[in-house]
Amino acid sequence: MTSPSAWILRVSESPSNYWATYVVDCAMMVFFLYWDIGLRHLPWSWAGALFLSGIAMWTLSEYVFHRWLYHFGLAIARAGHEKHHDNPTAYLALPWFITPLLFLPPQQLIAGWIGLRGFSSVLAGWFFGFIAYSFLHHSLHHYKVRYGWFRHLQSEHRIHHAFPETNYGVTMRFWDRVFRTEFVKTQR
Ligand SMILES: [Zn+2]
Ligand SMILES: [Zn+2]
């Protein structure tokens, strides 16, 4: 009989689980938007503005998660991320049911039970940032794209793989400048 941790490890390394997380996360993003616009009749303009604020919040979360959770946080998060550093093209992802388990209960509590309108739109924007980050990060390791901005992000992220204490931002470099973790050539 396989232990639960061995099973989770096996699922998190399977390509079908990897792509299933995109489907599940996109479905959750649509559900959160539908919650505010379809069910709670939040005006589109409000939902759009809150969605954008969620994307902005994601960029900071991306930096914080990568620096303090994946590199210095919980042992399980560090172990998973270490695997990515060892094998950057491997299909690694948390089991697909983890994000719904983590995010649906607080959404139902805050947007459903307490009834806070707009919360789900922020969450949808945050999920959009998360999905965009996941796919961009995947592309940086798997694809060759001619666009300058893509190649720039690619080389900055390669530097992170070589010098893991620099360049924590993947989709945008802004927070590395704020927290002074940007790679500079003169550094020893
Ligand atoms: Zn990477
Ligand atoms: Zn890293």
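## Contacts of A124

Leaving aside neighbours within four places in sequence, A124 is in contact with M29, F32, L33, F51 and G54 (contact: C-beta atoms, placed from the backbone, within 7 Å). This is a predicted model, in which local features need pLDDT of at least 70, side-chain atom pairs count only at pLDDT 80 or more, and totals for chains, interfaces and linings use all residues. Residues are numbered from 1 along each chain as its sequence is written, while chains are lettered from A and ligands numbered from 1 in the order in which they are written.

## Nonpolar core

A124 is also among the residues with the most contacts inside the largest nonpolar core, together with M29, F32, L123, W126 and F127. This core has 19 residues (a nonpolar core is a set of buried Ala, Val, Leu, Ile, Met, Phe, Trp, Tyr and Cys residues joined through C-beta atoms within 7 Å; buried means 20 or more other C-beta atoms within 10 Å, exposed 12 or fewer, partly exposed in between).

At least two core residues come from each of α2 (15-39), α3 (44-70) and α6 (helices are DSSP runs of H or I, at least four residues, numbered from the N terminus). The most, 9 residues, are given by α6.

## Packing of α2 on α6

The α2 and α6 axes come within 8 Å and cross at roughly 155 degrees (axes are lines fitted to C-alpha atoms over the stretch in contact, with angles from 0 to 180 degrees between N-to-C directions). The two helices are therefore roughly antiparallel (angles over 145 degrees). The crossing is left-handed (the near helix is turned anticlockwise from the far one by less than a right angle).

On the α2 side the contact includes M29, F32 and L33, which belong to a set that meets residues of α6 including L123, A124 and F127. By class, this contact has 13 nonpolar, 2 polar and 2 charged residues (Ala, Val, Leu, Ile, Met, Phe, Trp, Tyr, Cys and Pro are nonpolar; Asp, Glu, Lys and Arg charged; the others, Gly among them, polar).

## Packing of α5 on α6

Helix α5 (residues 98-113) and helix α6 (residues 119-142) have axes that come within 9 Å and cross at roughly 150 degrees, so α5 is roughly antiparallel to α6. Q107, I110 and A111 of α5 make the contact with F119, S120 and L123 of α6. It has 4 nonpolar, 2 polar and no charged residues.

## Positive phi

Most residues other than glycine have a negative phi. N167, in the loop between α7 (148-162) and α8 (174-178), has a positive phi near 50 degrees. N167 is buried, with 22 other C-beta atoms within 10 Å.

R180, in the segment after α8, has a positive phi near 55 degrees. R180 is exposed, with 8 C-beta neighbours inside 10 Å.

Conventions. Angles under 35 degrees count as roughly parallel, over 145 as roughly antiparallel, 65 to 115 as roughly perpendicular and the rest as oblique. Two residues are in contact if their C-beta atoms, placed from the backbone, lie within 7 Å.
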